[in-house]
Each structure stands twice: as structure tokens, then as C-alpha cells.
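Let us walk through this structure from the whole chain down to single residues. Keep the sequence and the model in view.

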Amino acid sequence: MVRGLRTFREFLESGEGISTNILADRLRKLQANGLLTVEPEAADRRKVNYRLTEKGIDLAPVLLELLIWGARHEETSAPPVLIEEMAANREAVLAEARRRWQERDQTPLLPPFQEPRARHGRLHARSHNDLIRARA
């Protein structure tokens, strides 16, 4: 929803450290419960992309709250400034996530995080611009 991941490989290489069998099982369960759909890749029909369903995107408010809570209370690589900006602009962030989903805009809402979180992290320019645009 916020990182723009859509393929099995992207999920696998996302830094979560999940094994292939666990990831495959979770993706199957999300699909079976109507949260994800599988679509063939346009360039190579042998590959698939995972996409949130309407039911899946409707979880955006809950997921945003979990993201904010987790980044405030656990060690993450998310810059604290970005998390606080998202918390202060929840409705704009949710509207932008839904817009991107509706328009099939695969641009990640959040940039990849490279380093472990520092207590006084800096907001990446790209994500800052995305949030400013989302507020408009």
C-alpha cells in the first residue's frame, strides 16, 4: 500500500527477512480472504503482480495507524520526522494512497529506508514532496 511492492520477488527482497514458503502462504491467504488479487504482468504474462482489492485498500486507515504506532514504539528504519508528518496529515496520506490505488500509480508513497532509524532522522526530499502534494 505505501511501499509500492507488487511482485513476489519485491516482497521477498523488502528487508522483512521472510522465507519463501511463509511469504507464498501469506499471499495465498490474503488472496483467499479477498484482500489481494493476482494479475498477469503486462510485459511477461508468466509473471504476476499482486494488487489490493477494494476490501484490501479499505484497510488503509488501520494499516496507517499500525505503521505510525509501530514506528513510534519500536526500532524501525522509518525517519521519525516522516512518521510524525504522516500522523499529522492522516487524511491526506490516506487520500493519496487511495488515489494511487485507483489510478494504478505504482509510485511508492514511502521511500525505501536505508539505515536503521535514528531518533533525529531527516525527512527524505522525495517523501516530503509526496506528502506536500497529498495535502493539496
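Residues 24 or more positions apart make up 52% of the chain's contacts with a separation of 6 or more; contact means heavy atoms within 4.5 Å. This is a predicted model, where local features need pLDDT of at least 70, side-chain atom pairs count only at pLDDT 80 or more, and totals for chains, interfaces and linings use all residues. Residues are numbered from 1 along each chain as its sequence is written, and side-chain values use heavy atoms, with hydrogens and water left out.

Start with the overall layout. The chain holds seven helices and two strands. Helices (H or I, at least four residues) and strands (E, at least two) are DSSP runs, numbered from the N terminus. Along the sequence the pattern reads α-α-β-β-α-α-α-α-α. The chain has 136 residues, and 34% of them count as buried. Buried means under 20% relative accessible area, exposed over 50%, and partly exposed in between (1.4 Å probe, protein chains only).

Now turn to a helix pair. Two packed helices are described by the angle between their axes and the distance between the axes. Helix 4 (residues 60–73) packs with helix 5 (residues 80–88) at about 145°, their axes 10 Å apart. Axes are lines fitted to C-alpha atoms, for helices over the stretch in contact, and angles run from 0 to 180 degrees between N-to-C directions. From helix 4, Leu64, Leu67, Ile68, Ala71 and Arg72 meet Ile83, Glu84, Met86 and Ala87 of helix 5.

Next, the aromatic rings. A search of the whole structure finds one aromatic pair. The ring centres of Phe11 and Tyr50 are 6.2 Å apart and their planes lie at 65°, so the pair is edge-to-face. Rings of Phe, Tyr and Trp (its six-membered ring) pair if their centres lie within 6.5 Å; planes under 30 degrees apart count as stacked, over 60 as edge-to-face and the rest as tilted. Phe11 sits in helix 1 (residues 8–12) and Tyr50 in strand 2 (residues 48–52), so the pair ties together parts 39 residues apart in sequence. Tyr50 counts as buried, at 16% relative accessibility.

Finally, look at a loop. Gln106 lies between helix 6 (90–102) and helix 7 (125–135). At 44% relative accessibility, Gln106 counts as partly exposed. Gln106 and Val2 are 104 residues apart in sequence, yet 9.5 Å apart in space, C-alpha to C-alpha. Leaving aside neighbours within four places in sequence, Gln106 is in contact with Gly4 and Arg6.
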